[in-house]
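Welcome, and take a moment to look at the model before reading on. The report starts with a single residue and then widens to the chains and the place where they meet.

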Amino acid sequence: MVISDLGVQVLDRLEESRTAPQFWDLQDELYPLIVEAMNAATLMSGEPQMRSLSNYNLTPNSNVQSMPSGALAILRIDGPGTVLKTSVYDLDRFQPGWEGVLGSKIEYWYPIGLTQFGVYPQVPTAQRLVISYIMLPVTMSSTYTGSENVPFQAEYSFGFVECAAAMARLKEGGQEFMQGIQEYDHFIDKLAQLGKFGWRKGACRFTRALGVESDITSVTKRG
Amino acid sequence: MAIVANDILTQVSFHLVEKVVKTTLGTAVSPGPAVVTPPSMVGIYNGAMMIVGSGATLEIITASSVTLATFTATFTYSHAGTDPLYGATFPSGQPPMFLFTQTEMLNYLVNAQQDFLLKVRLLYSISQVDYAVGEQYFTQPNSAIRIERIARKAQPAVNTTLGATITTGGILPVTATVTPGSMLGIVPNAILSVGDTSNANGAYTESRELVEVISTTLTTFTASFLNSHAPSDPVVASATWIDLFNTSTADLDMLQQNWAIDIGDPTNWFQDATSATGYGVYPNPAPAGTLELWYSDRGPDSLALTDTLSTLDIFTPALKYKVLEMAFLKDGEQRDTQRAKFCTENYKYWVMAGVKFMRGVAAMIEEASQRPTMQTVTQ
C-alpha cells in the first residue's frame, strides 16, 4: 500500500472529487496529513521497527555517533555479541574517565536524545554493528509523490484516513470541524487496539493515555 | 531532505486558507537585480519572501516593484527560468491590511520549536570551553536549556608517530621502548592505537593494534607490541575526560567552609548563586584546562524560510499546531477560540507523545549527576 491509495480515501471522506478536488490539494495538503497520521502512530505504537539490513559503521576514535539514516530511536545493538544498553550517568558512576578510552570492541551503548548515541569504549577501526530501531515511517519532505510506502500493517490504514480527514477539516471550522474530531477519536481507538500486539513484541506498547510505555526489558510485562 | 521552516508554514497556510506561491521563476536571471515574469503571480506581493532554485543555488529572494505579471528581486545566484519559485507568503490582506506577516509567522515557529524542545528535550549538544587559571564562573551556551553534565579533560589527545621500528617474528609480543614524535597525552596505563590507519584504498590494514603503555619517561614510552611497525606509524588516542560532580554552593558551604579559596583541578560544578545562565566549578581551577558541556538544546533564536528545524522531522506537526494556536488566538479576523483550543490540545498531545516516547526508549538525559559526599568534596 502506498500513500496515494489512502489519499483518495481521504478525498472520499471529505466529499471531494477523486480526480479534481476543489477545496483540498491532494499532493501538498492531504499527503502531508497522511504522513502526519503515520508519525503519530509511530510515536504511540513504537512501530514500524526494523533490524538494519545493512551494517552500520561506527565512527572510529569517537564515543559519540550519529543515528543511522531513517532511525528514530535505537532499540538494541549487536556487536559482535550483544552490546548492552547503559546511560551516560551509569558510565560516570561505574567507569570514571570512560570518555576517550580505547578498546578492541564496543561493550555498551547509550542514547543521547534522539539525534545521537554513544558507545563505550571507543574503537580505533570502523567496527560494524547490526542495529534494531524504530524507524521514521516515511522520509519527510516538502513534496510527496504518493508512491511512498505505508510501512504499517493493513489494520492501521483506515485509521490514517480518518486522522488525515479530521485534520483536513480544521480549515473548515464550525460544525464540520467539530464532527471531524469524532473520526480522530476512531483513529486513537484503533491504535489502542493495535497496540495490544505490542505485548508480544516487547519494547514499546500503546496505552489509551497516549504514547508508548515501555521498559528496556519487557519480559516481566508479558505475563 | 529534511523539513525546513517553509514546509511547516506551507502546511499552516493550508489550514488558514492562505494561498502559497508555487510556480517557476519564468525568466532566466544572473546575480543582481532582475525583473521576472513567473507563470503565476498568486501569493506574490511587494515584500514577499520566497525561495528560488535548488541545491547549491537555493536562495531566499524578496519581491519588490510588483505588477500584475512581474516582480523585481535581487538574486545572489544565476537561475534558469524553469527553477522552482515557492514560499508560504500569507498574502491575505497584503499590503497593508495583512492578517499575518511572514516575519510574524517565523517568530511563532521559533517560539513553537523552543517550547517543544524545552518540554520534550530530545536534542542534546556537546561543546568544549577552555578555562584559565582562577576562572571559576562561566556562562552556559546561548542555546542551552539546561546543563546536564560537565566533564574535565584529564589527558589531552595523542596524535603522533611511533618514531621507531618494531619487528616481531613470532607469536610472543615484543616489549620495546620507543621515542615518539611527541609525548603529549601518553601516560602509564594509557591505551594507544598504533599502526597504519589506512592503505591507499582506504581499507584498514593488519598492522593496527591497541597497546597499553607500561611506563614512560619525558621522551619515551615502553609497551608490548604484537605487530611490526614503521617509525612513521601513527600513534593515536582520544582525549580522556573525568565527569564533575553536580553540587551547589549551599552544599559546598556545609561541607567545606573555605571552598571558595581552594585551588586545583575542578571536581564539582554548580549553578546556584551564579546568574540566570551561569555555572561555576570547584575548586578554583589551576592549572588551565578544558571543560566539556553536555546540555539540552532549545535550537536557534531565529529562523529563515530555508532553515532546517532542530526538532526531528517526525515531531514537526507539533510545531504546526502550536503556530496555528497562536494564529487563531491573535486579535483580528482570524480569531477563532474553538479551533485555537483544538490546536492547543493537539499540541499538548504531541508533547505528551514525545515525552512518553523519549521515556519509552530511555533517550532522555534527565538524571542529575552524582550528589556530592563529604569524601568527594574534600578529596
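Val17(B) counts as exposed because 12 C-beta neighbours lie inside 10 Å. For this label, C-beta atoms are placed from the backbone, and a residue is buried if 20 or more other C-beta atoms lie within 10 Å of its own, exposed if 12 or fewer, and partly exposed in between. You will find Val17(B) in the loop between α1 and β1 (21-24) of chain B. Although Val17(B) is not a glycine, its phi is positive, about 55°.

Before going further, a word on how to read all this. This is a predicted model, in which local features need pLDDT of at least 70 and side-chain atom pairs count only at pLDDT 80 or more, while totals for chains, interfaces and linings use all residues. Residues are numbered from 1 along each chain as its sequence is written, and chains are lettered from A and ligands numbered from 1 in the order in which they are written. Helices (H or I, at least four residues) and strands (E, at least two) are DSSP runs, numbered from the N terminus.

Phe90(B) also has a positive phi, near 50°, in a residue other than glycine. This residue is in the loop between β6 (84-87) and α2 (102-120) of chain B. Is Phe90(B) buried or exposed? Phe90(B) is buried, because it has 25 C-beta neighbours inside 10 Å.

Asn159(B) is partly exposed, since 15 other C-beta atoms are within 10 Å. Between the C-alpha atoms of Asn159(B) and Val361(B) there are 37 Å, and the two residues are 202 apart along the chain.

| Peptide bond | Omega |
|---|---|
| Glu47(A) to Pro48(A) | about -5° |
| Ala286(B) to Pro287(B) | near 5° |

Pro48(A) sits in the loop between α2 (26-45) and β1 (49-51) of chain A. Pro287(B) belongs to the loop between β21 (284-285) and β22 (289-297) of chain B.

Now to chain A as a whole. Chain A has 6 helices and 10 strands, and 44% of its 223 residues are buried. Two residues are in contact if their C-beta atoms, placed from the backbone, lie within 7 Å. Of the contacts in chain A with a separation of 6 or more, 68% are between residues 24 or more positions apart.

How do the two chains meet? In chain B, 48 residues are in contact with 47 residues of chain A. On the side of chain B that touches chain A, at least two residues each come from α1 (5-15), β7 (124-131), β9 (144-155), β12 (191-194), β15 (234-237), β16 (240-243) and α5 (337-360) of chain B. The largest share, 8 residues, is supplied by α5(B). This side of chain B consists of 30 nonpolar, 9 polar and 9 charged residues. Here Ala, Val, Leu, Ile, Met, Phe, Trp, Tyr, Cys and Pro count as nonpolar, Asp, Glu, Lys and Arg as charged, and the others, Gly among them, as polar.

Finally, confidence. The model scores ipTM 0.86 and pTM 0.86.
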